[in-house]
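Q: Could you walk me through this protein chain? I would like to begin with the overall picture and then look at one helix.

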Amino acid sequence: MTAEDQLIDQTKLAFDFLQKLYLEVSYLIKETEGLLYEEEERFVIGKPSGYGISSRSSTGLESNNIGLWLLRKFAVFFVPENKTTLKKGQTVTPIDENLKVIYLRIVLNDKDLSYPAVYSGVLYNIHQKQHAKRIKKFENMMGHFQYKDPKVFVNLKKIDYEDSTMKCQGELVRTNLFKISDSESILNKIIRPSLNLYRKY
């Protein structure tokens, strides 16, 4: 086998692996969605722009943007059904003083990360600043978190973030993604810890 043949094989294997990884993560999110809907709060998945994830990505050719071609970090949130409405395939979750959400963040790769991780827990005490016209609902904050993630998620046990547009508090639990392999591990490592935190605050 020539060096070129090996490169062709390695490229195919790399893309096949990534596709399988993304597929497995989508199953994890959907299973979490189903299990949370069975809870007394009847959580539904937030849909900022349809049924999907919130992420920061780029197709720019500038060298600093190429790292964003692949999805390395993304998130979804879950909110009680009676706290949101569905309009044209998107949820509208008003920001009020009682709003809190279950936040699920998946980080497949990061410079300080030793293994792919799932971060799950609660965001609460969520407020938009008066002059922040872009933020009309919680869904608008999801993209904001992706762009500000090094500042928002400095301390997972005590998230206390504020900038010129919004502020929120929260607590997340970190789990090795590869330790979550079935419904029982999703229940034990994501659902129960997240519900405990949600009901605590």
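This is a predicted model: local features need pLDDT of at least 70, side-chain atom pairs count only at pLDDT 80 or more; totals for chains, interfaces and linings use all residues.

Q: In which pattern do they follow each other?
A: Along the sequence the pattern is α-β-β-α-β-β-β-β-β-α-α-β-β-α.

Q: How much of the chain is buried?
A: Buried residues make up 44% of the 201 residues. Buried means under 20% relative accessible area, with a 1.4 Å probe and protein chains only.

Q: What does the largest nonpolar core look like?
A: The largest nonpolar core has 27 residues, and those with the most contacts inside it include Y103, L123 and F138. A nonpolar core is a set of buried Ala, Val, Leu, Ile, Met, Phe, Trp, Tyr and Cys residues joined through side-chain atoms within 4.5 Å.

Q: Which elements give two or more residues to this core?
A: They are β3, β6, β7, α3 (139-147), β8 (159-162) and β9. The largest share, four residues, comes from β7.

Q: And what is F138 in contact with?
A: Leaving aside neighbours within four places in sequence, F138 is in contact with F77, T93, I95, L99, V101, L123, I126 and F145. Contact means heavy atoms within 4.5 Å.

Q: Which residues does the second core include?
A: The second, separate core of 26 residues includes F78, I106, I190 and L195.

Q: Turning to α5, which of its residues are buried?
A: Among them are S185, I186, I190, I191, P193 and L195. What covers the buried residues of α5 includes α1 (3-37), β1 (43-45) and β3 (73-80).

Q: Where is the kink in α5?
A: A kink of about 30° lies at I191, shortly before the proline P193. The bend at a residue is the angle between axes fitted to the seven residues ending there and the seven starting there.

Q: What span should α5 have, and how far apart are its ends?
A: At 1.5 Å a residue, the 18 residues of α5 (residues 183-200) should span 26 Å, and the end C-alpha atoms are 24 Å apart, which agrees. The expected span is 1.5 Å times one less than the number of residues.

Note on methods
Residues are numbered from 1 along each chain as its sequence is written. Side-chain values use heavy atoms; hydrogens and water are left out. Buried means under 20% relative accessible area, exposed over 50%, partly exposed in between (1.4 Å probe, protein chains only).
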